[in-house]
Amino acid sequence: MKEKFGFIVLLLISITCFSQNADKETYYYFQNEEITKAKFESFDERKTYKRVVENDSSTTKHIYFHKNIGKLDSIQFNQIQMLLTKIIGSEFKQNKKTILHVYRKDNNHINADSKYKSYWNWIKNNSNEYQAFLIASKDSDIKVDEKRHIFVDQYDLLETLFFKNSEFNINHLLIKPTSEIYIYSGIDDILNVLDWSVD
């Protein structure tokens, strides 16, 4: 009798849980704007990343592009140029396209990226137009190493200005001399960032 009663209780709990999950609403968003499920599923997975948030009554699925494009006004652009000159020093050239890889805490990744031969060979071969730097956060144990293109943002201003809403430990920024910017999130391979940055 006890076994039968236990089975019935387990069955009721399972049915209750299943019916609650079945009644759960799912909402779809692109860049914080609600869209249909069909539209959500139509995005190219190579160009986007997804975030899912669940609670008791609903599931919210967000999709974002890895690459977002913007433009700085002349004051913002001059301030960023001054900031980069302060962080990087004379290595920074204002007339080039600048690719910045900003690392929050991943010291192993920044060290590996500093030795990424195919990436740095391309930068060297195209140094008349492009420059690239690896920027560590102030809380990392990373030391400045100009030969390896590693610098430290002592005030985490790049993080605050461009990546404060990012959930990723590595983010990327391309700044063009025209003041156009590309912001990349959710990409770990700096060579992919380079591929998406070259005009």
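Q: What covers the buried residues of H7 in this predicted model?
A: The model is predicted. Helix H5 is part of the cover over the buried residues of H7. The cover also includes helix H4 (107-113) and the strands S6 (97-103), S7 (130-137), S9 (170-175) and S10 (180-185).

Q: Which residues in H7 are buried, and why are they on the same side of H7?
A: The buried residues in H7 are Ile-190, Val-193, Leu-194 and Ser-197. They are on the same side of H7 because the arc they cover around the axis is only 100°.

Q: At what angle do helix H5 and helix H7 pack?
A: Helix H5 spans residues 117-125 and helix H7 spans residues 190-197. Their crossing is left-handed. The axes lie 9 Å apart, and the packing angle is about 35°.

Q: How many residues of the contact of H5 with H7 are nonpolar?
A: From H5, the contact has Ser-118, Tyr-119, Trp-122 and Ile-123, which meet Ile-190, Leu-191 and Leu-194 in H7. Of the residues in this contact, no residue is charged and 1 is polar, while the nonpolar ones number 6.

Q: Which residue has a side-chain oxygen that reaches the backbone nitrogen of Leu-191?
A: This pair of atoms is at the start of H7. The oxygen comes to within 2.8 Å of the nitrogen, and it belongs to the side chain of Asp-189.

Q: What share of the residues of the chain count as buried?
A: The secondary structure of the chain comes to 7 helices and 10 strands. The chain has 199 residues, and the buried share is 39%.

Terms used
Residues are numbered from 1 along each chain as its sequence is written. This is a predicted model: local features need pLDDT of at least 70, side-chain atom pairs count only at pLDDT 80 or more; totals for chains, interfaces and linings use all residues. Side-chain values use heavy atoms; hydrogens and water are left out. Axes are lines fitted to C-alpha atoms, for helices over the stretch in contact, and angles run from 0 to 180 degrees between N-to-C directions. Helices (H or I, at least four residues) and strands (E, at least two) are DSSP runs, numbered from the N terminus. A crossing is left-handed if the near helix is turned anticlockwise from the far one by less than a right angle, and right-handed if clockwise. Contact means heavy atoms within 4.5 Å. Ala, Val, Leu, Ile, Met, Phe, Trp, Tyr, Cys and Pro count as nonpolar, Asp, Glu, Lys and Arg as charged, and the others, Gly among them, as polar. Buried means under 20% relative accessible area, exposed over 50%, partly exposed in between (1.4 Å probe, protein chains only). The arc is that of the directions from the helix axis to the C-beta atoms. A polar contact is a pair of N or O atoms within 3.5 Å; within protein, one must be able to donate a hydrogen and the other to accept it, and residues adjacent in sequence count only if both atoms are side-chain atoms.
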